[in-house]
Amino acid sequence: MKIRFYTLILCALFLIGGVGLVQAQTFKFIKDSVSVTASSGEAEIVGYNQMVNTTSQTQTFRWYRFDEGLENGWESQICDKIQCYLPHVSSAEFVLGAGDTSIMDVHFIPNSVSGESEVRVFLFAVGDSANGQFATYFATGWRVGLNENPQAKFNFYPNPVKEKLTIDFPVKGDHTVEIFNILGNNVGTYQVNNQSTLNISFFDLPKGMYILTYRSAEGKVVTKTLTKE
C-alpha cells in the first residue's frame, strides 16, 4: 500500500510538472545519500543535508517525505530553512533566493526502539516536478545499553547559552566536539585530550539554534541541540 501511494504521488507530480518539458536544473542536493548511527535512546538521530538554488532567480520549492523503510515505533520529521515540522507533516513549500542554501535535514525519532530506517525526500521547484530529485537518508539506532561507552554520555549547560557553554564528561578521555549552526555549517571543532570538562565561548556567535555533535574515541556519535540567546 505504501509503495502504491508513493507511486501515485510521483505520477501526479510528473503530470502536473509536465512530462517532456525538460527545463534546466534549478537546484542540487549537497548530498544524495546521508547515513547516521547513534543510540536508540537518543531523542533524535539527525541526518544533516543541504540544498542550493542554482538559478539566478528566487524559486519556490516543495518537498515530500516518504517513510519507505521506517522501523516500527520510529517517527521522522523534516527541517528546512523555515522550520522543523512535526512528524505528521509530509510535505511543505519554502522560498529560496538566487544562489541561497537551505538545510534539508531528516530527524529520526527512534523512541528507544533499536533498528534501521530509511527516509527519502523528493524535492522540486514548484511547476517543474519533472526535474525533481531524491535524497535518501539512512539511520541506525543501536539498542540502549548494548556496547554503550560511558564516555558517550555527557552534560552541557546552560541551555539556552549566552556567553559560555560548559560540557562535563563523566570520565577523562579523548573527546571531539563540533558545533554547527542551523544551516549545517561548522562554527567550531574542539579536541579534548585526557580532560573531563570543556568550555566553549558563544560570545561572538549570533543568536539562534545550534547543533552540538560529540564523538568518542571509539567513534560513537551523540547529537544534541541548544540555543544561543
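How many cavities of 30 Å³ or more does the structure hold?

## The cavity

In this predicted model, the count comes to one cavity of 30 Å³ or more.

Two strands, β9 (105-109) and β15 (208-216), each supply at least two residues of the lining of the largest cavity. As background, rolling a probe the size of a water molecule over the atoms shows where empty space is left.

## The disulfide

The structure holds one disulfide, formed by C79 and C84, whose sulfur atoms lie 1.9 Å apart. In general terms, a disulfide is a covalent bond between the sulfur atoms of two cysteines. The torsion about the S-S bond of C79 and C84 is about 115 degrees, so this disulfide is right-handed.

C79 counts as buried because its relative accessibility is 1%, under the 20% limit for that class, whereas C84, at 35% relative accessibility, counts as partly exposed.

## G173 in strand β13

G173 lies in strand β13, which covers residues 164-181, and at 11% relative accessibility G173 counts as buried. Between G173 and V192 there are 19 residues of separation in sequence, while the distance in space, C-alpha to C-alpha, is 7.5 Å.

Methods
Residues are numbered from 1 along each chain as its sequence is written. This is a predicted model: local features need pLDDT of at least 70, side-chain atom pairs count only at pLDDT 80 or more; totals for chains, interfaces and linings use all residues. Side-chain values use heavy atoms; hydrogens and water are left out. Helices (H or I, at least four residues) and strands (E, at least two) are DSSP runs, numbered from the N terminus. Buried means under 20% relative accessible area, exposed over 50%, partly exposed in between (1.4 Å probe, protein chains only). A disulfide is a pair of cysteine sulfur atoms within 2.5 Å. On a 1 Å grid over the protein atoms alone, a cavity is a set of points where a 1.4 Å probe fits but cannot get out, and a pocket is an open set with protein on both sides within 12 Å along at least five of seven lines; lining residues have an atom within 4 Å of a point. Grid points are joined across faces, edges and corners, and a volume is the space filled by probe spheres set on the points.
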